[in-house]
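Open the model in a viewer and keep the sequence panel in view. The stops below are given in the order in which to select them.

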Amino acid sequence: MTSLDSLDPVLDKDGVRLSVEDAVATVTLSNPAKRNAQSPALWRALAEAGRSLPGTVRVVVLRGEGKSFSAGLDRQAFTPEGFDGEPSFLDLARGSDAELDAVIAEYQEAFTWWRRNDIVSIAAVQGHAIGAGFQLALACDLRIAAQDVQFAMRETSLGLVPDLTGTHPLVSLVGYARALEICATGRFVQAEEAERIGLANLVVPAGELGASVRDLAAALLAAPRDAVIETKALLRGAQGRTYEEQRTAERVAQARRLRDLAGLAD
(Lines give C-alpha, C1' and ligand atoms only; values in the text may rest on other atoms or scores of the structure.)
Protein backbone atom coordinates (compact mmCIF):
# COMPACT_ATOMS: atom_id res chain seq x y z
CA MET A 1 0.00 0.00 0.00
CA THR A 2 1.23 3.46 -0.84
CA SER A 3 2.45 5.68 1.98
CA LEU A 4 -0.28 8.03 3.23
CA ASP A 5 2.17 10.92 2.95
CA SER A 6 2.46 10.35 -0.81
CA LEU A 7 -1.28 10.65 -1.45
CA ASP A 8 -2.96 13.95 -2.30
CA PRO A 9 -5.62 14.51 0.36
CA VAL A 10 -9.25 14.76 -0.66
CA LEU A 11 -9.80 16.95 2.39
CA ASP A 12 -7.36 18.56 4.84
CA LYS A 13 -8.83 21.02 7.32
CA ASP A 14 -9.39 21.66 11.03
CA GLY A 15 -7.31 18.72 12.19
CA VAL A 16 -8.79 16.16 9.78
CA ARG A 17 -7.17 14.74 6.65
CA LEU A 18 -8.90 12.37 4.21
CA SER A 19 -6.83 10.38 1.71
CA VAL A 20 -8.08 7.73 -0.70
CA GLU A 21 -6.22 4.88 -2.37
CA ASP A 22 -8.41 2.67 -4.54
CA ALA A 23 -11.09 1.14 -2.31
CA VAL A 24 -9.52 2.26 1.00
CA ALA A 25 -9.98 5.71 2.52
CA THR A 26 -7.94 6.91 5.48
CA VAL A 27 -9.20 9.60 7.83
CA THR A 28 -6.38 10.98 9.95
CA LEU A 29 -6.70 13.15 13.05
CA SER A 30 -3.79 15.43 12.28
CA ASN A 31 -3.07 17.58 15.33
CA PRO A 32 -0.62 15.51 17.37
CA ALA A 33 0.68 18.56 19.25
CA LYS A 34 -2.69 18.70 21.03
CA ARG A 35 -3.04 14.90 21.17
CA ASN A 36 -5.78 15.24 18.53
CA ALA A 37 -8.12 17.01 20.92
CA GLN A 38 -11.54 17.55 19.41
CA SER A 39 -13.55 20.67 18.70
CA PRO A 40 -16.75 21.58 16.83
CA ALA A 41 -14.64 22.54 13.80
CA LEU A 42 -13.03 19.10 13.81
CA TRP A 43 -16.45 17.46 14.07
CA ARG A 44 -17.69 19.41 11.06
CA ALA A 45 -14.60 18.33 9.14
CA LEU A 46 -15.21 14.68 10.08
CA ALA A 47 -18.80 14.94 8.86
CA GLU A 48 -17.53 16.50 5.63
CA ALA A 49 -15.04 13.64 5.23
CA GLY A 50 -17.95 11.20 5.31
CA ARG A 51 -19.79 13.16 2.65
CA SER A 52 -16.62 13.36 0.52
CA LEU A 53 -16.00 9.62 0.22
CA PRO A 54 -15.89 8.43 -3.40
CA GLY A 55 -18.39 5.70 -4.22
CA THR A 56 -15.53 3.28 -4.86
CA VAL A 57 -14.49 3.27 -1.20
CA ARG A 58 -15.28 0.06 0.68
CA VAL A 59 -13.05 0.36 3.78
CA VAL A 60 -12.40 3.47 5.86
CA VAL A 61 -9.47 3.55 8.28
CA LEU A 62 -9.52 6.08 11.13
CA ARG A 63 -6.18 6.90 12.74
CA GLY A 64 -4.56 9.59 14.86
CA GLU A 65 -1.12 11.08 14.27
CA GLY A 66 1.34 11.03 17.13
CA LYS A 67 1.32 9.20 20.44
CA SER A 68 -2.42 9.48 21.10
CA PHE A 69 -5.45 8.58 19.02
CA SER A 70 -7.46 11.40 20.60
CA ALA A 71 -7.35 12.82 24.11
CA GLY A 72 -10.97 13.88 23.85
CA LEU A 73 -12.69 17.22 23.83
CA ASP A 74 -10.44 20.28 23.85
CA ARG A 75 -11.02 21.82 27.28
CA GLN A 76 -11.08 25.26 25.68
CA ALA A 77 -14.72 24.49 24.93
CA PHE A 78 -15.54 25.02 28.60
CA THR A 79 -13.86 28.42 28.91
CA PRO A 80 -15.94 31.61 28.60
CA GLU A 81 -14.02 32.45 25.43
CA GLY A 82 -14.58 29.08 23.73
CA PHE A 83 -13.03 28.67 20.28
CA ASP A 84 -12.53 31.50 17.80
CA GLY A 85 -15.72 31.98 15.84
CA GLU A 86 -17.64 29.44 17.94
CA PRO A 87 -20.07 29.88 20.82
CA SER A 88 -18.61 28.49 24.03
CA PHE A 89 -20.31 25.52 25.64
CA LEU A 90 -21.27 27.87 28.48
CA ASP A 91 -23.10 30.07 25.96
CA LEU A 92 -24.79 27.04 24.42
CA ALA A 93 -26.08 26.01 27.84
CA ARG A 94 -27.99 29.28 28.05
CA GLY A 95 -29.95 28.51 24.87
CA SER A 96 -33.35 26.85 24.65
CA ASP A 97 -33.76 23.08 24.80
CA ALA A 98 -34.52 23.00 21.07
CA GLU A 99 -31.42 25.03 20.23
CA LEU A 100 -29.17 22.89 22.40
CA ASP A 101 -30.65 19.69 20.96
CA ALA A 102 -30.01 20.91 17.40
CA VAL A 103 -26.38 21.78 18.17
CA ILE A 104 -25.64 18.41 19.79
CA ALA A 105 -27.35 16.62 16.87
CA GLU A 106 -25.03 18.48 14.49
CA TYR A 107 -22.00 17.44 16.54
CA GLN A 108 -23.17 13.82 16.45
CA GLU A 109 -23.08 13.79 12.64
CA ALA A 110 -19.30 13.40 12.85
CA PHE A 111 -19.85 10.07 14.61
CA THR A 112 -22.76 8.52 12.72
CA TRP A 113 -21.55 7.82 9.17
CA TRP A 114 -18.86 5.28 10.11
CA ARG A 115 -21.45 2.48 10.31
CA ARG A 116 -23.00 3.03 6.91
CA ASN A 117 -23.76 -0.33 5.30
CA ASP A 118 -21.72 0.45 2.16
CA ILE A 119 -18.42 0.73 4.07
CA VAL A 120 -16.57 -1.09 6.83
CA SER A 121 -14.72 1.25 9.19
CA ILE A 122 -11.64 0.37 11.22
CA ALA A 123 -10.26 2.50 14.06
CA ALA A 124 -6.50 2.15 14.56
CA VAL A 125 -6.12 3.23 18.17
CA GLN A 126 -2.91 3.97 20.05
CA GLY A 127 -2.24 5.79 23.29
CA HIS A 128 -5.10 7.77 24.77
CA ALA A 129 -8.66 7.43 23.47
CA ILE A 130 -10.52 9.47 26.06
CA GLY A 131 -14.06 10.81 26.12
CA ALA A 132 -14.87 12.01 22.62
CA GLY A 133 -11.83 10.05 21.45
CA PHE A 134 -13.24 6.85 22.94
CA GLN A 135 -16.62 7.57 21.37
CA LEU A 136 -15.02 8.16 17.97
CA ALA A 137 -13.28 4.78 18.17
CA LEU A 138 -16.62 3.23 19.19
CA ALA A 139 -18.28 4.84 16.17
CA CYS A 140 -16.29 2.52 13.89
CA ASP A 141 -17.27 -1.05 13.06
CA LEU A 142 -13.94 -2.53 14.16
CA ARG A 143 -11.06 -1.51 16.40
CA ILE A 144 -7.42 -2.59 16.31
CA ALA A 145 -5.52 -1.30 19.33
CA ALA A 146 -1.86 -0.89 20.13
CA GLN A 147 -0.57 -2.36 23.36
CA ASP A 148 -0.26 1.11 24.88
CA VAL A 149 -3.93 1.97 24.35
CA GLN A 150 -5.92 3.55 27.16
CA PHE A 151 -9.67 3.93 26.68
CA ALA A 152 -11.66 6.04 29.14
CA MET A 153 -15.13 7.61 29.20
CA ARG A 154 -14.58 10.69 31.35
CA GLU A 155 -17.77 12.64 30.67
CA THR A 156 -19.63 11.43 33.76
CA SER A 157 -16.67 12.35 35.96
CA LEU A 158 -16.98 15.91 34.61
CA GLY A 159 -20.69 16.10 35.43
CA LEU A 160 -21.77 15.35 31.85
CA VAL A 161 -22.95 12.30 29.91
CA PRO A 162 -21.43 10.64 26.82
CA ASP A 163 -23.51 12.23 24.03
CA LEU A 164 -21.50 11.59 20.86
CA THR A 165 -23.23 8.28 20.00
CA GLY A 166 -20.87 6.14 22.11
CA THR A 167 -23.34 4.66 24.60
CA HIS A 168 -25.15 2.34 22.17
CA PRO A 169 -22.05 0.61 20.74
CA LEU A 170 -20.45 0.44 24.19
CA VAL A 171 -23.42 -1.42 25.68
CA SER A 172 -23.61 -3.63 22.58
CA LEU A 173 -19.95 -4.58 22.91
CA VAL A 174 -19.50 -5.07 26.65
CA GLY A 175 -23.01 -5.27 28.14
CA TYR A 176 -24.95 -2.89 30.36
CA ALA A 177 -23.23 -3.57 33.68
CA ARG A 178 -19.68 -3.24 32.31
CA ALA A 179 -20.63 -0.15 30.30
CA LEU A 180 -22.13 1.51 33.38
CA GLU A 181 -19.03 0.75 35.44
CA ILE A 182 -16.68 2.11 32.75
CA CYS A 183 -18.69 5.31 32.29
CA ALA A 184 -19.53 6.00 35.94
CA THR A 185 -15.96 5.51 37.20
CA GLY A 186 -14.17 7.08 34.24
CA ARG A 187 -11.37 4.56 34.68
CA PHE A 188 -8.87 3.49 32.04
CA VAL A 189 -9.46 0.31 30.07
CA GLN A 190 -6.10 -0.90 28.83
CA ALA A 191 -5.17 -3.22 26.00
CA GLU A 192 -5.51 -6.67 27.57
CA GLU A 193 -8.91 -5.90 29.08
CA ALA A 194 -10.10 -4.12 25.92
CA GLU A 195 -9.47 -7.24 23.88
CA ARG A 196 -10.90 -9.57 26.52
CA ILE A 197 -14.22 -7.71 26.88
CA GLY A 198 -14.66 -7.06 23.17
CA LEU A 199 -13.76 -3.37 22.86
CA ALA A 200 -10.82 -4.27 20.61
CA ASN A 201 -10.96 -6.88 17.87
CA LEU A 202 -7.19 -7.23 18.05
CA VAL A 203 -4.30 -5.86 20.12
CA VAL A 204 -0.86 -5.58 18.55
CA PRO A 205 2.51 -3.97 19.36
CA ALA A 206 2.48 -0.27 18.51
CA GLY A 207 4.98 -0.78 15.71
CA GLU A 208 2.66 -3.29 14.02
CA LEU A 209 -0.53 -1.23 14.18
CA GLY A 210 -0.36 0.11 10.62
CA ALA A 211 0.51 -3.25 9.07
CA SER A 212 -2.25 -5.01 11.02
CA VAL A 213 -4.84 -2.50 9.82
CA ARG A 214 -3.67 -2.92 6.22
CA ASP A 215 -3.94 -6.72 6.55
CA LEU A 216 -7.48 -6.44 7.91
CA ALA A 217 -8.49 -4.01 5.16
CA ALA A 218 -7.15 -6.43 2.52
CA ALA A 219 -9.10 -9.30 4.07
CA LEU A 220 -12.31 -7.25 4.07
CA LEU A 221 -11.82 -6.37 0.41
CA ALA A 222 -11.44 -10.02 -0.57
CA ALA A 223 -15.18 -10.73 -0.32
CA PRO A 224 -17.62 -9.40 -2.95
CA ARG A 225 -18.83 -5.94 -2.01
CA ASP A 226 -22.56 -6.61 -2.23
CA ALA A 227 -22.26 -9.69 0.00
CA VAL A 228 -20.43 -7.64 2.65
CA ILE A 229 -23.06 -4.89 2.47
CA GLU A 230 -25.92 -7.38 2.90
CA THR A 231 -24.14 -9.17 5.74
CA LYS A 232 -23.40 -5.93 7.57
CA ALA A 233 -27.03 -4.86 7.26
CA LEU A 234 -28.17 -8.21 8.64
CA LEU A 235 -25.83 -8.02 11.62
CA ARG A 236 -26.59 -4.39 12.41
CA GLY A 237 -30.31 -5.07 12.45
CA ALA A 238 -30.12 -8.27 14.49
CA GLN A 239 -30.38 -6.66 17.92
CA GLY A 240 -33.63 -4.96 16.99
CA ARG A 241 -35.27 -8.12 15.65
CA THR A 242 -36.66 -11.23 17.24
CA TYR A 243 -35.12 -14.59 16.32
CA GLU A 244 -37.92 -15.27 13.86
CA GLU A 245 -37.66 -11.80 12.33
CA GLN A 246 -33.94 -12.31 11.86
CA ARG A 247 -34.57 -15.67 10.14
CA THR A 248 -36.90 -13.89 7.73
CA ALA A 249 -34.37 -11.13 7.10
CA GLU A 250 -31.73 -13.76 6.30
CA ARG A 251 -34.01 -15.45 3.79
CA VAL A 252 -34.87 -12.19 2.04
CA ALA A 253 -31.22 -11.14 1.86
CA GLN A 254 -30.08 -14.54 0.59
CA ALA A 255 -32.77 -14.63 -2.10
CA ARG A 256 -31.57 -11.24 -3.26
CA ARG A 257 -27.96 -12.42 -3.39
CA LEU A 258 -28.83 -15.65 -5.25
CA ARG A 259 -30.83 -13.76 -7.87
CA ASP A 260 -28.01 -11.30 -8.28
CA LEU A 261 -25.45 -14.06 -8.75
CA ALA A 262 -27.73 -15.77 -11.25
CA GLY A 263 -28.23 -12.54 -13.18
CA LEU A 264 -31.92 -12.43 -12.28
CA ALA A 265 -31.88 -9.32 -10.12
CA ASP A 266 -34.58 -6.69 -10.83
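How many residues of strand S7 (residues 142-146) are buried? Five of the five are, so S7 is largely enclosed by the rest of the structure. Buried means under 20% relative accessible area, with exposed over 50% and partly exposed in between (1.4 Å probe, protein chains only). Helices (H or I, at least four residues) and strands (E, at least two) are DSSP runs, numbered from the N terminus.

The model is predicted: local features need pLDDT of at least 70, side-chain atom pairs count only at pLDDT 80 or more, and totals for chains, interfaces and linings use all residues. Residues are numbered from 1 along each chain as its sequence is written, and side-chain values use heavy atoms, leaving out hydrogens and water.

Stay on S7 and show side chains. Leu142, Ile144 and Ala146 point one way, Arg143 and Ala145 the other.

Next, select the strands paired with S7; pairing requires that DSSP finds at least two bridges between two strands. Strand S5 (residues 120-125) runs parallel to S7, joined by four bridges, and Ala123 stands opposite Arg143. Strand S10 (residues 202-204) is also parallel to S7, with three bridges; here Val203 stands opposite Ala145.

Move to helix H4 (residues 132-139), where eight of eight residues are buried, including Phe134 and Gln135.

Finally, select Val27, Trp43, Leu46, Trp114, Phe151 and Leu199, which touch the most other members of the largest nonpolar core, of 55 residues. H4 supplies the largest share of this core, six residues. Such a core is a set of buried Ala, Val, Leu, Ile, Met, Phe, Trp, Tyr and Cys residues joined through side-chain atoms within 4.5 Å. Another core, of 13 residues, lies apart from it and includes Leu142 and Val204.
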